[in-house]
Each structure stands twice: as C-alpha cells, then as structure tokens.
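Here is a friendly walk through one structure, with the ligand site as the starting point. Please have a look at the sequence and the model before reading on.

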Amino acid sequence: MGFTPGTLLREGKTKKIWSVQGNARLCLVQMKDDTTAGNGARHDVIEGKGVLACAIATSVFELLYRCGIPLAFHNRVDDTRFLAKRCTMIPYEVVIRREAHGSYLKRHPMVPRRTRFPELLVEFYLKTTGRRFGDHALPCDDPLVLFRSGAAELYLPDVELSRQAPFLVLTDYPLLDRPEVFEEMTANARMVFGVLEHAWTSAGRVLCDLKIEFGFTATGDLVVADDIENGCWRVLEGDQYIDKQRYRDGATVEATRALYEHVASLTSSFPKIDAHEVLNALG
Ligand SMILES: Nc1ncnc2c1ncn2[C@@H]1O[C@H](COP(=O)(O)OP(=O)(O)OP(=O)(O)O)[C@@H](O)[C@H]1O
Ligand SMILES: [Mg+2]
C-alpha cells in the first residue's frame, strides 16, 4: 500500500503516531527507543529497542490476524514503524491474568506468587494521566475499576483490596451506555491471551499476564489497538522473566536490550504457528 507520512498526531512515552497523507482512516505507529518504568520514574534510551519492539509487535499481530482477531495493525512498513487503522482509543487498559504476579499480589497478599487461575482473569484499569480524571483529582494514575451496581468503583491498584474502599465512585464513566462493548472487549481479550499463551507454550515459555488496549476505527469497529510488545506481558523462562519486568526490577540497559533481542527472536517464529491448530487448542 503506498502512503506518505503526514503530521505527528501524538507522542507518548514509547510511541509516535503519525497521520497518513490522504487517508484519515490510517496512521503510522513508530516505536521509540525510549524505555520507561514506574510512570516515568526510570527512563532510558535503549538503542535498537524500537526496532526490536516493532519486530515483536509485528510477530504478535500477524499471529492474531491469522486467528481472526480484529486489529488496528495493518502491516510493518520499516524497522520501527507499522501501518495501523487510526483509532479513537478507549481509555481502559485491559489486563488478562493466568497467574498471580505484579500488582495482583499487592491487592491479594494472601495469594502466593504464580498461583494459577484456571479461568483467565480479566481486569479493567482506567487510563489517566497527571492523576486527574475530568474534574476529579486522583490519588494515583490508572486505577483498578470494579463495575458494580451501574457505577465504576476506582481502587488503588497496589494496595490490599480487602483493606480499601473505592477512593472514587463514578456514576458516569467511559462506555457506560455501551455494556456490550465491555463484553466484546472481555471476550476478545480472552481470545488474544489464549492465542499468545498457546504460542508461548509451544515456544517452551509461560505467558503469565498481558495488557492490551482497544480502540474504535473510523467505521466504528472495535479493534485491539496500540501495540503488544515486550513491555505488555510477563513471560517466564524457567523462573526468570524475559520481558520488561526485569527493567522495572533494575536490569541494566544492556541486559534489557538483550532480553528484547531474545524475545524478538522467539516471537519471530510465532507466524509459523498454524492458526487452525491454535484455534483447535483453544476449543
Ligand atoms: N492505532 C492507533 N490509533 C490512534 N492512536 C493510537 C493508536 N495506537 C496507539 N495510539 C495512541 O498513541 C499514544 C502514544 O502511545 P504511547 O503508548 O507511547 O503513550 P503513553 O505515553 O504510554 O501514554 P498512554 O498512557 O496514553 O499509553 C497513546 O495515547 C496511544 O493510545
Ligand atoms: Mg501506552
């Protein structure tokens, strides 16, 4: 597909989003070398990381595409950029968990690390920046949301759940009027995890959890958008994480780059996995 990059639409911590001249339905997603942890508390520029993240995202999205999951991703166009449907992003992070890790352990301190959930857990976090949501000042960014009695209860994600009340209850929240979208996001999130879990199992590693984001395309279709790369999941090789968790835990820039190289190499064999085999395995 021929296209000419247009203007910079958005720049975040890890990506730049460019318009495509003459086609308002598309955008170019450019992966940066910048790497952050702890909401920007740690920041490094890891040379070559953008290329590796783009390679990982491409392998992941090509597999998901083959399994029929609706995506913003279209195709990789060069080392660091892929073409995607330009989306109105939905301001939730959707987290799918097979095992207990990370913030889950802080909310449920009685649950041992690596406890396996036979049925996948799907959680929603409200995407916020600068500790604000509309007129509300928040005690943290990206709170956990529990939808109860027609309202969205916001909780601190890293504090024991049984010891806290919601710090805010929103009676008006994104997609309140479209409950079917939550059902579709939940179903698609499970499908995405199932496909990637199968791929990682085939590669002899364990996919523990995953964060994805959804958007609406120009034609109103719900798709998995943003990216899925080594900062969006926890993957265990033996008892070691091979994802960005190691960077969060203090790994050096060199060690982090080596992990991205390792994961790019492993995921590059994902597209060879037969989609029918994956879907059969999922039942
Ligand atoms: N296909 C797409 N269409 C439109 N916007 C997109 C698409 N994919 C990603 N974005 C948006 O691009 C922006 C930049 O991404 P990046 O992940 O770097 O931001 P960030 O600093 O992590 O902030 P955020 O908390 O919004 O993710 C984000 O707001 C993201 O939602
Ligand atoms: Mg982001």
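## The ligand and its backbone contacts

How far does a backbone N or O atom of Thr14 lie from an oxygen atom of ligand 1? The distance is 3.0 Å. Bear in mind that this is a predicted model, and that this distance, like the other values here, was computed from the predicted atoms.

Two further backbone approaches involve nitrogen atoms of the ligand. Lys85 places a backbone N or O atom 3.0 Å from a nitrogen atom of ligand 1, and for Cys87 the corresponding distance from a backbone N or O atom to a ligand nitrogen is 2.9 Å. On its own, ligand 1 exposes 600 Å², and 86% of that is buried by the protein.

## The shell around the ligand

If you are setting up a view of the site, the shell to select has 14 residues. The closest of them are Lys13, Thr14, Lys15, Cys87 and Lys127. Sorted by class, the shell comprises 8 charged, 4 nonpolar and 2 polar residues.

Strand β6 covers residues 73–76 and strand β7 covers residues 81–85. The two strands pair in the antiparallel sense, with 3 bridges between them.

Which residue of β7 is the bridge partner of Asn75? That partner is Leu83. As a general point, side chains in a regular strand alternate between the two faces of the sheet.

## Aromatic pairs and a tryptophan link

The structure holds 14 aromatic pairs. In one of them, the ring centres of Trp200 and Trp233 are 5.4 Å apart and the ring planes meet at 85 degrees; the pair counts as edge-to-face because that angle is over 60 degrees.

Trp200 belongs to helix α3 (residues 179–202) and Trp233 to strand β18 (residues 233–237), so this pair ties together parts that lie 33 residues apart in sequence. Are these two residues buried or exposed? Trp200 is buried, because its relative accessibility is 0% and the cut-off for buried is under 20%. Trp233 is likewise buried, with a relative accessible area of 1%.

Trp233 has a polar partner too: its side chain makes a polar contact of 2.7 Å with the side chain of Asn230. Asn230 sits in the loop between β17 (222–225) and β18, and it is buried, with a relative accessible area of 0%.

Elsewhere, Tyr92, Phe124, Phe147, Tyr173 and Phe182 form one aromatic cluster.

## Two partly exposed arginines

Where does Arg178 lie? Its place is the loop between β15 (168–170) and α3. Arg178 counts as partly exposed, with a relative accessibility of 33%. Along the chain, Arg178 and Phe82 are 96 residues apart, and their C-alpha atoms are separated by 30 Å.

Arg148 is located in strand β13 (residues 144–148). A relative accessible area of 42% makes Arg148 partly exposed.

Note on methods: Residues are numbered from 1 along each chain as its sequence is written. Chains are lettered from A and ligands numbered from 1 in the order in which they are written. This is a predicted model: local features need pLDDT of at least 70, side-chain atom pairs count only at pLDDT 80 or more; totals for chains, interfaces and linings use all residues. Side-chain values use heavy atoms; hydrogens and water are left out. A residue is near a molecule or strand if one of its heavy atoms lies within 4 Å of it. A polar contact is a pair of N or O atoms within 3.5 Å; within protein, one must be able to donate a hydrogen and the other to accept it, and residues adjacent in sequence count only if both atoms are side-chain atoms. Accessible areas come from the Shrake-Rupley method with a 1.4 Å probe; for residues, only the protein chains shown count as cover. Ala, Val, Leu, Ile, Met, Phe, Trp, Tyr, Cys and Pro count as nonpolar, Asp, Glu, Lys and Arg as charged, and the others, Gly among them, as polar. Rings of Phe, Tyr and Trp (its six-membered ring) pair if their centres lie within 6.5 Å; planes under 30 degrees apart count as stacked, over 60 as edge-to-face and the rest as tilted. Helices (H or I, at least four residues) and strands (E, at least two) are DSSP runs, numbered from the N terminus. Buried means under 20% relative accessible area, exposed over 50%, partly exposed in between (1.4 Å probe, protein chains only). Two strands pair if DSSP finds at least two bridges between them.
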